[in-house]
Amino acid sequence: MKISNEIVKQQFVQREYGLAHSTYDNELDFYQLVSSGDVKSLSGMLLTGDEDEAVLAARGILSDDKVRNRRYHEIVLVAMISRFCIEEGMEEMESYNLSDFYINKLDKAQTERQIIDVHNQLIMDYARRMKKKAAISPHCVRAMDYVYVHLHEKIEITDIAEFVGVERSYLSKLFHKEVGQTISDYIMEKKLQTARNMLLYSDFSCTEISQYLAFASGSYFAKCFKTKYGSTPNSYRRINY
């Protein structure tokens, strides 16, 4: 009963001061601008810090502390954007990693100005990535999706081409043209990125990670990892875990 009374009181205050949540359609429009990669429209919507307090309050009051209130709103924002971008084709791992990165930056921000800077950075980052992805054909998107789902297996380009429904040679040329790297290099990059995250955030041993990601051997995994990140898997974990 107490919670209900508090909600009624809050609604009364919002009506008295003319505050209202942004409509659902308006929120959808914004998220769709980001997930469609509409960088031009979004560049005119960046926050400057001069917004009226009522504008921020209209989004809802999540905390009486102004800095904390804005931080909470931005965390909700990046969580929503990450899901919308996944729906429009961004790889889950990429989207969630971006989300974690920006939430961490928001957590460290101490002032409203710093939070606003992170806000502007994150929406443009997501939008630019989605704009770039929009230029990629459905064949290449399906190929990238196949790689993501089968990272724990030995991935053959022939199997990817069969899944996509095109000839291997055609897919290889198309992928290199649109993505900017060969399919083999793309597969290796995604496997090593996954290995890096497992080293940072899990307790799996280097041998287990190598086996999970279907590397030919532990030594080959270590060699590839050092080429990309400049240190062996063991050293990388010891420094960054």
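Is Tyr-236 buried or exposed? I looked it up: Tyr-236 has 11% relative accessibility and therefore counts as buried. The cut-offs I used are under 20% relative accessible area for buried, over 50% for exposed and partly exposed in between, with a 1.4 Å probe and protein chains only.

**Entry: ground rules.** I am working on a predicted model, where local features need pLDDT of at least 70, side-chain atom pairs count only at pLDDT 80 or more, and totals for chains, interfaces and linings use all residues. Residues are numbered from 1 along each chain as its sequence is written, and side-chain values use heavy atoms, with hydrogens and water left out.

**Entry: overall fold.** I counted 14 helices and 0 strands in the protein chain. Helices (H or I, at least four residues) and strands (E, at least two) are DSSP runs, numbered from the N terminus. Of the 241 residues, 40% count as buried.

**Entry: aromatic rings.** I paired rings of Phe, Tyr and Trp (its six-membered ring) if their centres lie within 6.5 Å; planes under 30 degrees apart are stacked, over 60 edge-to-face, and the rest tilted. By this rule I get 11 aromatic pairs. One of them is Tyr-229 with Tyr-236, a tilted pair at 5.7 Å centre to centre and 45° between the planes. Tyr-229 is partly exposed, at 23% relative accessible area.

I then looked for charges over rings, meaning NZ of Lys or CZ of Arg within 6 Å of the ring centre and within 35 degrees of the ring normal. Lys-228 lies over the face of Tyr-229, at 5.5 Å from the ring centre. Arg-142 lies over the face of Phe-163, at 4.4 Å from the ring centre.

**Entry: largest pocket.** I took a pocket as an open set of points on a 1 Å grid over the protein atoms alone, where a 1.4 Å probe fits, with protein on both sides within 12 Å along at least five of seven lines; lining residues have an atom within 4 Å of a point. Grid points are joined across faces, edges and corners, and the volume is the space filled by probe spheres set on the points. The largest pocket holds about 880 Å³. I find 25 residues in its lining, and Glu-94, Asn-97, Leu-98, Arg-129 and Gln-193 lie nearest the centre.

By class, the lining has 11 nonpolar, 5 polar and 9 charged residues. I counted Ala, Val, Leu, Ile, Met, Phe, Trp, Tyr, Cys and Pro as nonpolar, Asp, Glu, Lys and Arg as charged, and the others, Gly among them, as polar. Helix 6 (92-108), helix 7 (112-134) and helix 11 (183-201) each supply at least two lining residues. Helix 11 gives the largest share, 8 residues.

**Entry: helix 11.** I checked its length: at 1.5 Å a residue, the 19 residues should span 27 Å, and the end C-alpha atoms are 27 Å apart, which agrees. The expected span is 1.5 Å times one less than the number of residues. Its buried residues include Tyr-186, Lys-190 and Lys-191.

**Entry: around Leu-122.** Glu-74, in helix 5 (residues 66-87), is buried at 0% relative accessible area. I find Glu-74 and Leu-122 48 residues apart in sequence and 9.7 Å apart in space, C-alpha to C-alpha. Phe-101, in helix 6, is partly exposed at 44%. Phe-101 and Leu-122 are 21 residues apart in sequence and 9.5 Å apart, C-alpha to C-alpha.
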